[in-house]
Amino acid sequence: MPRINYYHLSLILLFLLLRSSLFVESAIGVNWGTIASHKVSPPVVVDLLRQNKIPKVKLFDSDPEILRALMGSGIEVMVGIPNEVLGSLASSVSASDAFVVQNISRFMVKGGADIRYIAVGNEPFLSSYQGQFQQYVLPAMSNIQQSLTKANLAGYIKLVVPCNADAYQSPSLPSQGAFRADLTQLMTQLLTFLNSNGSPFLVNIYPFLSLYQSSDFPQDYAFFEGSTHPVVDGSNVYYNAFDGNYDTLVAALNKLGFGQMPVAIGEVGWPTEGAPSANLSAARAFNEGLINHVLSNKGTPLRPGVPPVDVYLFSLLDEGQKSVLPGNFERHWGIFSFDGQAKYPLNLGLGNGVLKNAKNINYLPARWCVANPYKDLDTAGNHIKLACDMADCTTLYYGGSCNAIGDKGNISYAFNSYYQLQKQDAKSCDFDGLGMITYLDPSVGDCHFLVGVDDNVNAGSTAHRVNFGFWVLGLFSMFVYICTCGFL
Ligand SMILES: *[C@@H]1O[C@H](CO)[C@@H](O)[C@H](O)[C@H]1NC(C)=O
Ligand SMILES: *[C@@H]1O[C@H](CO)[C@@H](O)[C@H](O)[C@H]1NC(C)=O
Ligand SMILES: *[C@@H]1O[C@H](CO)[C@@H](O)[C@H](O)[C@H]1NC(C)=O
């Protein structure tokens with residue numbers, strides 16, 4: 001006769017508990033932003049995601065090319081709604097109906113895209129927006145929810161709102177976390193909405209920015225290797241900024257009566273260039289530490305054993321056209337460079353080893369534009385300015401991999417960036433005769449002179465389809481012509 005003692009019983013109970021909703025297995029996903037000058041085609045990026053077994057992707061809009069490429073991939077998708085369109089979605093259900101029909105349900109056919117979340121706005125409560133978007137968030141959510149219900153998708157797709165620490169200000173201790181006073185009412189409504197739909201609170205956490213913005217921020221506190229400056233909060237001790245920030249949010253949720261709400265991390269990561277603390281080894285240490293921490297299921301002092309439901313790394317690829325207002329690092333958050341090449345070995349903990357590079361990148365020919373060594377380059381200043389206003393030259397600055405390549409190197413780098421941006425159009429390497437095209441890679445050390453990619457692969461295949469269409473049409477008219485003639 002089997003004997004079940006208390007020990008066994010508690011094990012069974014524990015097992016049942018673990019299997020219930022209390023136990024969340026975190027999944028690692030990535031943000032896929034597209035503010036880039038050299039865009040790799042969406043099917044190539046989707047292949048990169050699949051090669052790396054990345055199960056979830058977060059987008060900032062609902063680009064049909066990208067959603068089409070994600071169809072049939074099995075990858076779970078969070079689409080985004082830019083802040084600028086919240087107003088129109090908030091104004092009428094017919095606008096949200098149109099959005100759901102055109103941008104969502106169209107892709108959710110059998111074998112289609114697996115859209116699971118819609119991010120309504122992107123950090124719409126930021127105080128720097130001075131309230132211009134926040135009034136639209138809840139009306140837009142309620143309209144979209146109605147439209148999803150009509151489309152029979154309300155049970156499948158959840159609405160979320162990406163926020164960052166700005167929404168709960170930073171007190172010195174996590175337990176003092178509270179939403180900004182001016183947001184209390186709005187947050188209460190938002191949390192009620194999220195709670196009634198079983199949606200998580202989506203938060204972006206950036207220890208890098210804390211370190212970058214404050215010179216007295218202890219460097220080791222930004223990482224996960226323990227800290228000589230832990231934050232002691234009553235009986236809780238914090239050894240890393242991620243946990244501290246996370247529990248500040250948990251405390252804020254507690255205060256409004258939503259202490260059980262699941263939390264997902266919408267963005268978290270570390271840039272590789274553009275500031276002294278933005279470099280390959282720091283990015284690798286941070287991301288590895290983060291992934292191990294999350295997958296250990298340790299949780300945080302306020303939520304022991306309950307890690308975030310999902311974690312979306314920021315970011316998949318570098319985005320060379322992003323605004324550098326926050327800093328030059330803003331264009332260098334990718335775990336892959338713009339062309340899908342892993343910047344450093346990183347194990348995403350998805351049972352797939354370290355990052356695998358993108359395949360079938362459609363590079364432009366191996367040629368570069370550099371400063372002509374036989375010319376007087378004194379007048380190059382204006383050309384550099386124009387080139388770098390349009391192309392990305394952020395690696396030339398302090399904290400960048402090309403900061404020490406000298407005067408002539410600077411000019412060549414700027415010329416080449418512009419030339420590649422112009423898809424190697426010969427005229428774009430003129431610079432009043434100061435530029436010249438070379439077939440020898442001018443890269444020096446860690447400073448890589450890029451070769452652009454040709455993102456017109458898709459346009460090419462569309463052109464073929466069009467041509468094929470004409471061809472069929474042509475055959476058909478010939479056929480009609482022959483028949484008519486024969487008939488006459
Ligand atoms: C829906 O998709 C179209 C592109 O197909 C885009 O122009 C529009 O802004 C999208 N709507 C929203 C609300 O994101
Ligand atoms: C990279 O960044 C880390 C973290 O801020 C810093 O400690 C380190 O000195 C940097 N490494 C280099 C080579 O600059
Ligand atoms: C190259 O340009 C960068 C950015 O303007 C500057 O910091 C650096 O000093 C320049 N190098 C030389 C040798 O002029």
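Biologist: In helix 2 (residues 42-51), which residues are buried?

Modeller: A residue is buried if 20 or more other C-beta atoms, placed from the backbone, lie within 10 Å of its own. In helix 2, that applies to P42, V44, V45, V46, L48 and L49. Helices (H or I, at least four residues) and strands (E, at least two) are DSSP runs, numbered from the N terminus. This is a predicted model: local features need pLDDT of at least 70, side-chain atom pairs count only at pLDDT 80 or more, and totals for chains, interfaces and linings use all residues. Residues are numbered from 1 along each chain as its sequence is written, while chains are lettered from A and ligands numbered from 1 in the order in which they are written.

Biologist: What covers the buried residues of helix 2?

Modeller: The cover includes strand 1 (27-32), strand 2 (56-59) and helix 3 (64-70). K53 follows helix 2 and has a positive phi, near 55°.

Biologist: In which sense do strand 2 and strand 3 pair?

Modeller: Two strands pair if DSSP finds at least two bridges between them. Strand 2 and strand 3 have 3 bridges, in the parallel sense. V57 has V77 of strand 3 as its bridge partner.

Biologist: How many bridges join strand 3 to strand 4 (residues 114-120)?

Modeller: There are 6, and these strands run parallel. E76 is bridged to D114 in strand 4. Strand 3 (residues 76-81) is mostly covered, with 5 of its 6 residues buried.

Biologist: Which residues surround ligand 2?

Modeller: A residue counts as near a molecule if its C-beta atom, placed from the backbone, lies within 6 Å of it. Around ligand 2 these are Q219, P276, S277, N279, S281 and A282.

Note on methods
Buried ≥ 20, exposed ≤ 12 C-beta atoms within 10 Å, placed from the backbone. Contact = placed C-beta atoms within 7 Å.
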